[in-house]
Amino acid sequence: MEADRPEGCGEGPAAPGTEGRPAPEARVHFRVTRFIMEAGIKLGMQSIPIATACTIYHKFFGEINLDAYDPYLVAMSSMYLAGKVEEQHLRTRDIINVSNRYFHPSSEPLQLGSRFWELRDSIVQCELLMLRVLRFQVSFQHPHKYLLHYLVSLKSWMNRYSWQRTPIAVTAWALLRDSYHGVLCLRFQAQHIAVAVLALTLQLYGVEVPADAEAQKPWWQIYTMDTEVP
């Protein structure tokens with residue numbers, strides 16, 4: 001869906017870049033995952049289903065060339081599939097209408113005509129294709145629960161006034177969300193992404209963890225030990 005897409009789960013070139021040149025793949029994926037996030041919010045999806053949709057999208061294009069399928073159709077099917085995986089089911093009609101409004105803000109919802117049914121069938125068929133390509137491995141462990149645990153723990157260490165005047169939690173969650181524009185979710189363990197996001201947040205604001213200089217291990221090593229968060 002560069003403008004009127006997706007037409008179907010068939011061949012479609014990568015979105016063009018400036019001056020007619022093909023955009024780098026990373027730039028295309030950034031735009032498409034931004035679409036997933038913004039459309040997901042409009043669909044009322046929670047953070048975990050949105051994260052799952054982005055991960056499914058990235059994992060699919062880790063197996064398939066970007067030129068092979070319309071990335072926006074894959075994104076729509078990723079949201080549809082993520083809703084099932086995370087038990088926040090979405091209607092294809094809602095996905096189609098939100099996507100149509102995303103690309104055509106002044107347009108009316110698609111009527112239940114041939115165009116609508118073709119698009120609906122494309123989403124469903126693309127979902128089945130993705131399941132086969134990914135060998136039905138579409139359940140993921142996300143960093144969210146780890147980051148929540150780390151933030152609660154860190155807050156108890158920090159000076160209360162220092163914590164209140166610095167938006168550590170808000171920034172950390174924003175950085176985690178933005179990490180799904182790329183393939184970090186596939187390359188690293190969930191707890192490592194969570195602690196990296198937290199470390200970057202502290203670095204951005206120049207905040208030091210109390211007694212970290214005197215400790216035998218850096219604070220982040222405590223979090224990256226192989227422990228499970230309930």
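Start by selecting Cys 185: at 18% relative accessibility this residue counts as buried (buried means under 20% relative accessible area, exposed over 50%, partly exposed in between, with a 1.4 Å probe and protein chains only). Before moving on, note that this is a predicted model, where local features need pLDDT of at least 70, side-chain atom pairs count only at pLDDT 80 or more, and totals for chains, interfaces and linings use all residues. Residues are numbered from 1 along each chain as its sequence is written, and side-chain values use heavy atoms, with hydrogens and water left out.

Now look for disulfides (pairs of cysteine sulfur atoms within 2.5 Å): the count comes to 0. Cys 185 is in no disulfide, and its nearest cysteine sulfur, that of Cys 54, is 7.5 Å away.

Next, select Ser 77 in helix α3, residues 71-85 (helices are DSSP runs of H or I, at least four residues, numbered from the N terminus). Ser 77 counts as buried because its relative accessibility is 0%. Show the residues in contact with Ser 77, leaving aside neighbours within four places in sequence: Ser 122, Ile 123, Cys 126, Glu 127 and Met 130 (contact means heavy atoms within 4.5 Å). The Ser 77 side chain reaches the backbone oxygen of Ile 123 at 2.9 Å. Click on Cys 126 too: this residue is buried, at 0% relative accessible area.

For the last stop, go to helix α6, residues 144-157, and pick Leu 148. With 48% relative accessibility, Leu 148 counts as partly exposed.

Technical notes:
Helices (H or I, at least four residues) and strands (E, at least two) are DSSP runs, numbered from the N terminus. A polar contact is a pair of N or O atoms within 3.5 Å; within protein, one must be able to donate a hydrogen and the other to accept it, and residues adjacent in sequence count only if both atoms are side-chain atoms.
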